[in-house]
Structures are given as C-alpha cells and as structure tokens.
Amino acid sequence: MASAVESTLKTKAQTSNLSFYYGAIQALKNIHLTLAEYRVTALIGPSGCGKTTYLRCFNRMHDLYPGNRYEGQIVLYPDEVNIVGPEVDPIEVRMRVSMVFQKPNPFPKSVYENVAYGLRVRGVRNRAELDEKVEGALRQAALWEEAKDRLDSLAFNLSGGQQQRLCIARALASEPEIILFDEPTSALDPLATLKIEELMGQLKQSVTILIVTHNMQQAARISDFTAFMYLGEVIESGQTNQMFDHPTNPLTEQYVSGRFG
Ligand SMILES: Nc1ncnc2c1ncn2[C@@H]1O[C@H](COP(=O)(O)OP(=O)(O)OP(=O)(O)O)[C@@H](O)[C@H]1O
C-alpha cells in the first residue's frame with residue numbers, strides 16, 4: 001500500500017492501452033503504467049519481454065525505422081500531451097525526454113563539445129552561457145571535478161564510467177523532464193556502477209527517471225517503483241519494496257526470487 005508521503009506524488013507520465021508493433025510483430029500489449037514525478041521507476045523482466053521496446057516509446061526512437069506503429073497513449077504531464085500521438089513531433093519529444101544507452105556512446109568530440117552539442121543544436125551561441133550550462137551539466141553528472149582540466153580532450157580518453165557520466169551530462173544539458181536509462185551500468189565495473197547509482201539518487205530531485213535493468217539488486221537499490229514485464233505486458237507494478245517482498249502475481253514472485261528469467 002502507498003505510504004502517506006507517496007500518496008502526495010504527482011504523475012509525470014501516464015501510459016494507457018499502449019501497444020507497439022515492429023511491422024507485423026506485436027512487441028507491447030495494452031500497457032498501463034504511471035510514472036511518478038521525481039522518482040525512479042525500474043522496468044524488469046526476462047529477456048525479450050519488451051523492456052527496451054517500451055523505454056524507446058518514451059522518446060519516439062522507434063520513429064527512426066519505417067513500419068513501426070504505436071497504439072494507445074503515453075500522456076506527459078502537466079500539459080497532457082500524448083507523446084506517441086502522430087501529430088506530435090518526435091524532435092519535440094526528445095527535447096523533453098533524453099536517453100542514456102547501455103554502452104557509453106560519446107561523440108568523437110571533446111568533453112566540452114559533447115555536452116555543448118545539444119545546446120548548440122537548440123540555438124545557444126553565447127560562449128558564457130554555453131560555459132555555464134556545460135559546467136552545470138557536468139556538475140550534475142558528478143563529473144566536473146574529474147573533467148574540468150580536460151574539457152578540450154577527446155571524450156574517448158575518459159574511462160568507461162566517466163564516459164557514461166559524460167553521456168548523462170549530455171542528456172542533462174537540454175534540461176529534460178524525463179531521462180531514460182537502458183541498462184546504463186551493464187558495461188561498467190562495480191565502482192563505476194556505484195557512482196552511477198548514487199548519481200541517479202541525486203538526479204531524481206530534478207528529473208523523473210525510467211530505467212531498464214537486468215540486475216535485481218540494482219532495481220531494489222535505486223528504484224522507488226518497479227514494473228515487471230512478461231511477453232510484452234506489464235504483469236504487475238508498484239512500490240519497489242512491495243514488488244520484491246510481497247508480489248501479488250506468481251510470475252513476479254518467480255522472477256524476483258530468481259526462479260526464471
Ligand atoms: N527491430 C525489431 N524488429 C522486430 N522485432 C523486434 C525488434 N526489436 C525487438 N524485437 C522483438 O520485440 C520483443 C521485445 O524485445 P525487447 O528488446 O524490447 O526486449 P527486452 O525485454 O528489452 O529484452 P532484453 O532484456 O534481452 O534486452 C522481442 O521479441 C524482440 O525479438
């Protein structure tokens with residue numbers, strides 16, 4: 001049951017009747033899920049259940065490939081825009097919803113230019129403003145201290161964990177409302193993983209987070225809410241401690257206790 005504090009939460013995004021098709025293949029079936037504002041929601045479930053497919057609906061990444069089709073709605077609040085609606089420009093959606101991928105994927109540019117890139121695309125030209133925003137994003141991504149003396153160095157010279165934090169800074173620079181994380185630590189060592197997990201705890205003060213993870217301990221550590229997916233459906237969702245300690249669906253119970261997946 002939701003606590004008194006949790007009951008005051010605002011909804012950031014409401015998914016209703018969402019189905020998704022890769023051409024003739026239906027990958028998501030009639031999904032309903034609420035994302036709470038300034039909270040971390042984890043998507044868990046066995047390989048191929050649709051976690052990444054669902055995540056990618058939130059920034060209309062599927063629009064990059066012909067034949068893909070959405071049905072239903074993901075309504076973003078407070079303005080109640082259905083971001084998978086055909087009348088909504090995917091570019092606009094991607095300004096509001098950023099994504100961080102499994103493997104760090106910095107651009108072949110300097111540390112500074114990786115973060116400044118999105119700002120330049122959005123028309124920021126003034127050097128002082130760029131400097132301020134780049135520093136702000138690097139600080140928010142807990143990378144400033146390590147990167148401030150190597151802003152002009154190529155991003156590939158950073159460690160894997162630093163590169164992933166740079167990608168987070170790049171995602172933050174456009175001041176998104178939601179950040180999507182697709183298994184963001186699967187390519188990182190335990191220490192770099194810990195840094196990213198701690199960072200998410202700080203980021204959720206100003207942004208709503210949706211994360212796909214295969215790591216049950218990670219989901220339990222960092223998320224406030226968890227949704228368990230199976231064969232393209234959300235089978236059960238709720239507060240993370242409830243989902244792990246007292247799931248109501250036997251499939252969820254089997255999955256979180258490691259008996260399948
Ligand atoms: N481009 C595509 N074209 C056709 N089918 C696809 C495509 N991408 C994914 N699928 C199918 O959609 C279903 C969901 O895949 P998805 O990658 O979303 O699952 P997942 O839960 O993220 O899996 P994993 O944990 O292994 O990453 C799978 O059956 C997959 O084969």
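The model I am reading is predicted.

**α3 and α6**

I looked up the geometry of this pair next. Helix α3 covers residues 111-121 and helix α6 covers residues 160-173; their axes come within 8 Å and cross at roughly 25°.

From α3 I have Val111, Asn114, Val115, Tyr117, Gly118 and Leu119, and from α6 I have Leu166, Ala169, Arg170 and Ala173. Sorted by class, this contact holds seven nonpolar residues, two polar ones and one charged one.

**α3 and α4**

I turned to the contact of α3 with α4. Helix α4 runs over residues 127-140, and its axis comes within 9 Å of the α3 axis, with a crossing angle of roughly 115°. The range 65 to 115 counts as roughly perpendicular, which means that α3 goes down as roughly perpendicular to α4. I recorded the crossing of α3 and α4 as right-handed.

On the α3 side I found Tyr112, Val115, Ala116 and Leu119; they meet Leu130, Lys133, Val134, Ala137 and Leu138 of α4. By class I noted eight nonpolar residues, no polar ones and one charged one in the contact of α3 with α4.

I checked the two lists for Val115 and Leu119. Both residues are in the α3 list for α6, and both are in the α3 list for α4.

**Ligand shell**

Which residues surround the ligand? I wrote down Tyr22, Ile25, Ala27, Gly45, Ser47, Gly48, Cys49, Gly50, Lys51, Thr52 and Thr53. By class, this shell has four nonpolar, six polar and one charged residues.

I then asked which elements each supply at least two residues of the shell. They are β2, residues 25-36, and α1, residues 51-57. The largest share of the shell comes from α1, with three residues.

**Record**

Last, I looked at the annotation. An unreviewed UniProt entry places the feature "domain: ABC transporter" at residues 13-256. For that span I noted 37% helix and 27% strand, with the end C-alpha atoms 25 Å apart.

Note on methods:
Residues are numbered from 1 along each chain as its sequence is written. This is a predicted model: local features need pLDDT of at least 70, side-chain atom pairs count only at pLDDT 80 or more; totals for chains, interfaces and linings use all residues. Axes are lines fitted to C-alpha atoms, for helices over the stretch in contact, and angles run from 0 to 180 degrees between N-to-C directions. Helices (H or I, at least four residues) and strands (E, at least two) are DSSP runs, numbered from the N terminus. Two residues are in contact if their C-beta atoms, placed from the backbone, lie within 7 Å. Ala, Val, Leu, Ile, Met, Phe, Trp, Tyr, Cys and Pro count as nonpolar, Asp, Glu, Lys and Arg as charged, and the others, Gly among them, as polar. UniProt positions are given in the numbering used here, feature names are shortened, and annotations may be inferred rather than shown by experiment. A residue is near a molecule or strand if its C-beta atom, placed from the backbone, lies within 6 Å of it. Angles under 35 degrees count as roughly parallel, over 145 as roughly antiparallel, 65 to 115 as roughly perpendicular and the rest as oblique. A crossing is left-handed if the near helix is turned anticlockwise from the far one by less than a right angle, and right-handed if clockwise.
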